[in-house]
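Hi everyone, thanks for coming. Let me put the structure up, and then I'll walk you through a few local details.

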Amino acid sequence: MAAVGSVPAGAQYGGRATGKPTTGRLSARLDALSRTAEGRAPRAGVPGSDLPSGRSGGVRRLDDGRVVVDVDVYADRMHGAPEALGAIGDVLAVSDTSLHTVTMAVEAGELDRLAQRDAVRYVNEVVTPVQRGCSPGISEGDGQLKAGPARSTYGVDGTGVRVGILSDSFDRSPAGAATSPTADMAAGDLPGAANPCGRLAPVSVLADDAVETTDRPNQDEGRAMAQIVHDLAPGASLSFASANVSETAFANNITSLVNAGAKVIVDDVGYFSEPFYQDGPVAVAINNARAAGVSYVTAAGNANIVVGGADVGSYEATSYRPTPCPPLVTGYLDCHSFTPAGPGDSTSRMVIPAGRTVTLDLQWAQPRGGVTTDLDVCILNAATGVLLRCAVDDNPGPGGSQRPFELASYKNTTGSSQAVDVVVARYSGPGARFKWVHGGDAPSSVEYSVSSGGDVYGPTVFGHSGAEGAISIGAVPYSNAGVAEPYSSRGPVTYLFNPVPSTAALGSPLVLAKPDVAASDCGQTSFFPPLSASPHRFCGTSAAAPHAAGVVALLLNASTTLTPAQVAATLRNTAAPVPGAPASAVGTGLIDAAAAVASLGVPVSDVSASIADASVLEGGPGLTASLSFTVTLSAPSAATVTLGYATADGTATAPGDYSSTSGTLAIAPGQRSATIVVPVVGDASVEGNETLTVHLGSPAAVPLADGVATGTIVDDEQRNGYWLVASDGGIFAFGDARFLGSTGAIRLAQPIVGMAPTPSGNGYWLVASDGGIFAFGDARFLGSTGAVRLAQPIVGMVPTPSGKGYWLVAADGGIFAFGDARFLGSTGALKLNRPIVAMAATPSGNGYWLVASDGGIFAFGDAAFLGSTGAIRLAQPIVGMAATPSGRGYWLVASDGGIFAFGDARFLGSTGAIKLNLPIVAMAPTRSGNGYWLTASDGGIFAFGGAAFFGSTGAIKLARPVVGVGVARP
C-alpha cells in the first residue's frame with residue numbers, strides 16, 4: 001500500500017536483493033513514518049515515506065499531524081481492545097466483531113508502540129478517500145430526468161421517505177463558502193425552519209466529519225448532495241452522516257442511517273483499499289441495508305480515462321505472465337509481461353504531463369485474510385530506468401497486511417511532460433490475476449490500450465460502487481442527454497470471492513453490469529464547489545448519484561411496498577437510451593422519473609376491477625383444455641391488488657366438465673391484469689356448448705366494476721367439414737363446408753399450391769405458385785406477389801388469427817406479409833440444405849415456423865423450436881405441417897403419411913405403414929387439436945383421433961391433383 005519518495009538523480013533502487021525487511025506489523029509507509037518521527041534510520045532500500053498530500057490517495061492526517069490508521073486486531077482479543085488501544089491514540093471507529101478492525105488517530109512517534117501491543121495483528125494507514133465529484137440554484141437535472149412531470153402528474157414529492165446521505169461533511173467547510181446551511185434553508189435550497197416553501201424539518205446530521213484533515217479539507221459536498229435530493233424530492237426527509245475517517249467508519253454510518261429510518265441511502269465516496277474482487281466492509285453494510293429494505297444508491301466513480309479514443313482508466317491481466325524485471329528493479333522473482341504473446345515486455349509506458357500525478361491502485365485476485373502472493377507496483381523513469389516510486393507493503397503471511405492491495409503515486413515536477421514505465425513485480429507467492437485502476441490525473445499517452453489475449457483495459461468501477469446490492473450511477477451532462485461524461489467510470493465488475501471476512505471463492509466468477517443507470521451532473525448548487533464566481537456547478541457521478549436518490553424517493557412515495565430489487569428494476573426498465581454512450585458507461589440509460597413512477601400505477605383507492613368472459617374448445621377424451629379469465633384493473637395500481645375468486649356450475653358441472661377452482665388473485669404494482677385458469681375436461685360426447693361462471697369476491701381490495709364472468713366450453717364434437725383444392729383451383733366441399741367459389745374454370749398463369757380458410761369458416765383463399773391470390777366468401781384480397789419476379793416459387797400460405805392478413809412462403813423460405821401479418825424473419829438469405837415446403841403460425845399471430853423437406857424447422861417471432869427431423873434419415877420427404885391450438889406443439893407429415901409430433905402435439909395415427917395409391921400432400925388439425933386429417937394427391941382422406949371422415953375424391957377421376965386441405969370451422 002505504501003509508495004516511496006523521490007530518488008535522487010543517478011541513484012539506484014536496491015529493491016529486496018538482501019531479503020524482505022521486517023516492519024514490526026506496520027505497513028511499509030507507517031514503518032517509514034515511525035522511523036522518521038523517532039529519528040531512526042529508514043528501512044534499507046526504501047527511499048521515502050509518503051505520497052503527495054493535499055489530494056486523494058495520501059496518508060490521511062488530522063490537522064494536528066496525527067495519522068489515521070486501521071488496526072487489525074486478533075479475533076480472540078477484540079473484546080476490550082478499543083479501550084486498551086485508546087491509551088495510545090483516539091479511537092475513531094470500531095468495526096462489527098466479524099471484521100476486528102479499529103480506526104484510530106495516532107502520533108507518528110507512537111506507531112511502533114501501537115504495533116507492539118499484544119492484541120494488534122497489523123496496522124494499515126488509511127488512505128485519503130476519493131470523492132466521486134470531479135468539479136463543480138436549482139439543479140437542471142430536475143428537468144432532464146423529468147422529475148417535475150413525475151411530481152405534478154402523480155402527486156409525489158418524496159413525502160414519507162427518509163433519504164440518508166453519505167459524503168465528506170455537511171457543515172464543516174472553511175470560512176468563506178458562498179453560502180451556509182442556514183442561508184440555503186432561507187433560499188429554499190434545503191429544508192429547515194426558514195424554508196419559504198414550508199419544508200420545515202431540517203437535515204438530521206447524525207455524524208458530521210469532525211476530523212479536520214490537511215490532506216483534503218472538508219468541502220461540505222454532502223450539503224451539495226442534499227440540495228440536489230431536495231430539488232427532486234422536496235417532501236423527503238433528509239439525514240446526513242460522514243463517510244470520511246475510514247472504511248470501518250463509513251460502514252458503521254450506513255448502519256446508523258438505516259437505524260435512523262432511511263429508506264434510501266446515497267453516497268459519493270470511495271476508498272482505494274476497497275477490494276476489487278469481493279465485497280469489502282462498505283459493500284457488506286450495503287448488502288445488510290438492502291436486506292433491511294433500504295435502496296442504496298452510489299456514485300459509479302470518475303476514473304475513466306480516454307487516450308487516443310480508447311478507455312484506459314484501468315488495466316487487468318487475467319493471468320500473471322512472468323518475464324525478467326528491468327535492470328534496476330532487483331530482488332524479485334520476476335515481473336509481469338504486458339504483451340499477451342511474443343517477447344515479454346516488463347514495462348507499460350505512459351507520459352505524464354507537467355504538474356500532474358499518476359496514482360495506481362493495484363489489487364490482485366486473492367481475498368482479504370487469504371493473501372498468499374506479494375505483488376508490488378513500481379514507477380520508473382523511462383529514460384534512465386531509475387525507480388521513482390514503488391509500493392512495497394508486506395502482504396501475505398501472518399505478519400503481513402493480508403490485503404491484496406498496493407498504491408503507488410508519482411507527481412511530475414520536472415516542468416515538462418515525462419515518460420514513465422510502470423512495473424508489476426512479484427516478490428513471493430504464486431502469480432495471480434491482477435488489476436490496477438488510475439486514481440489520479442490522466443496520462444497524455446499510453447503504450448498499451450487494446451484489450452486482447454486476456455488483458456482488459458477500461459473498466460474502472462470498483463469497491464462498493466460495483467456491489468450487487470447497490471444501484472450504481474453513471475453521469476450524463478445536464479445539457480446533453482445523448483452522451484456520457486468522459487470521466488464517468490465504466491463497468492463491468494467481476495467478483496471471485498465471497499464477502500469479507502470470508503476467504504472462500506465463489507463457485508464461478510460473478511460478472512455484474514455496472515453502472516446500473518445514469519443521471520444528470522454539472523447542475524447548479526448554491527455554493528459547491530467553492531469557485532471564485534458563480535454559477536457553482538456540481539459535476540461528476542457525485543452529483544449524478546443524489547439525482548438518482550431523489551427519483552428513488554419519488555418511487556417510494558408512489559409505492560411504499562416496493563422492495564430494493566423492484567426499485568432497481570424499475571429504474572433500469574424505464575430508463576431512456578443514451579445514443580452516444582455504451583452500456584458500460586450508462587447501464588440501461590438515463591433515468592426517466594416520469595416513466596418510472598408511471599410504471600408503478602395509481603393509488604389503490606382509484607382503481608376498480610372487472611373480469612372478462614372466456615371460451616375454449618372442449619377437446620377430446622384424455623385432453624385437458626383451460627378457460628382463461630382475464631381480470632383487468634381500470635389502471636395500474638401503486639400497490640398489490642388482491643381479489644378472491646370461485647367458480648360456479650351452470651350447464652357445465654364440476655368435476656365432469658371442468659375442475660372447480662377458487663383462490664386469491666394478486667396483481668402486482670404497475671401491472672394491469674392477471675389471469676384465472678379453470679381446467680376443462682374433454683370428452684367425445686355431442687352435447688352442445690356448456691357454461692360456467694367465475695365470481696370475484698372476498699377478499700376484494702378494490703371495487704368491482706364487473707365481478708362475474710361466463711365461461712363457455714365449446715363442443716368441438718359438433719359436425720364440421722373440410723375443403724380440398726386441386727392444382728387448377730377446383731374446390732371440393734365435404735361435411736358442413738360450403739362451396740364458395742373456385743378457379744376451376746379459369747386459365748391460370750401458374751398452378752394453385754395451397755389454400756387457407758378464414759377464421760369464421762365462411763371463406764377461403766387460394767394461392768398459386770407465383771403468389772397470385774384468389775379470395776372467396778368473406779376472405780379479403782390483401783395483396784399478392786403475382787406481379788413480382790420471385791427467386792423461388794410460393795409453396796404455401798397461412799392467415800393471421802384475425803383473418804385480416806396472411807403470409808406467403810417461398811421455397812427458399814422468403815416471407816411475404818400482407819394485411820396485419822407482420823414480417824418476423826425468413827430464411828431467404830440462408831443457403832438451405834432442402835427447400836421449404838410449408839409453414840404454420842402461432843395462435844397469437846406473432847410468430848411462425850417454416851419446415852423444409854427434410855423436416856428442418858426454422859422458428860421466428862414467438863414460435864418456439866420444439867424439435868425437428870433434420871438429423872433423421874427419412875424414408876420420404878416432409879410435405880406439410882400443422883400447429884396445435886396452444887401453439888406449443890406441431891406435427892410434420894411426410895409424403896408416405898408418416899407423422900412426427902413435437903411439443904404438446906400428440907401422435908394419433910399415420911399412414912406410414914399403409915401402401916398408398918398416391919402420396920400424401922397436406923394435413924390439417926381439428927379445432928381442439930385432438931385429431932387431424934391427411935389428404936393424398938387423389939383427394940383420399942385419412943382421419944385420425946377426433947377427426948371425422950366426411951368424404952373424399954379418392955374414387956373420382958380428377959382433372960388435376962389435390963394439393964391442399966382446409967378445415968371448415970362453423
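Before going on, a word on what you're looking at. This is a predicted model, where local features need pLDDT of at least 70, side-chain atom pairs count only at pLDDT 80 or more, and totals for chains, interfaces and linings use all residues. Residues are numbered from 1 along each chain as its sequence is written, and side-chain values use heavy atoms, leaving out hydrogens and water.

Back to Cys522. You'll find it in the loop between S30 and strand S31 (523-525); strands (E, at least two residues) and helices (H or I, at least four) are DSSP runs, numbered from the N terminus. Cys522 is not a glycine, yet its phi is positive, about 70 degrees. Most residues other than glycine have a negative phi, and most peptide bonds are trans.

Val245 also has a positive phi, about 90 degrees. Its loop runs between strand S9 (237-242) and helix H8 (247-259), and at 9% relative accessibility Val245 is buried.

Now the cis bonds. One goes from Lys514 to Pro515, with omega near -5 degrees, and Pro515 sits in the loop between strand S29 (505-512) and strand S30 (517-521). Another joins Ala654 and Pro655, with omega about 5 degrees; Pro655 is in the loop between strand S36 (641-649) and strand S37 (662-667).

Notes: Buried means under 20% relative accessible area, exposed over 50%, partly exposed in between (1.4 Å probe, protein chains only).
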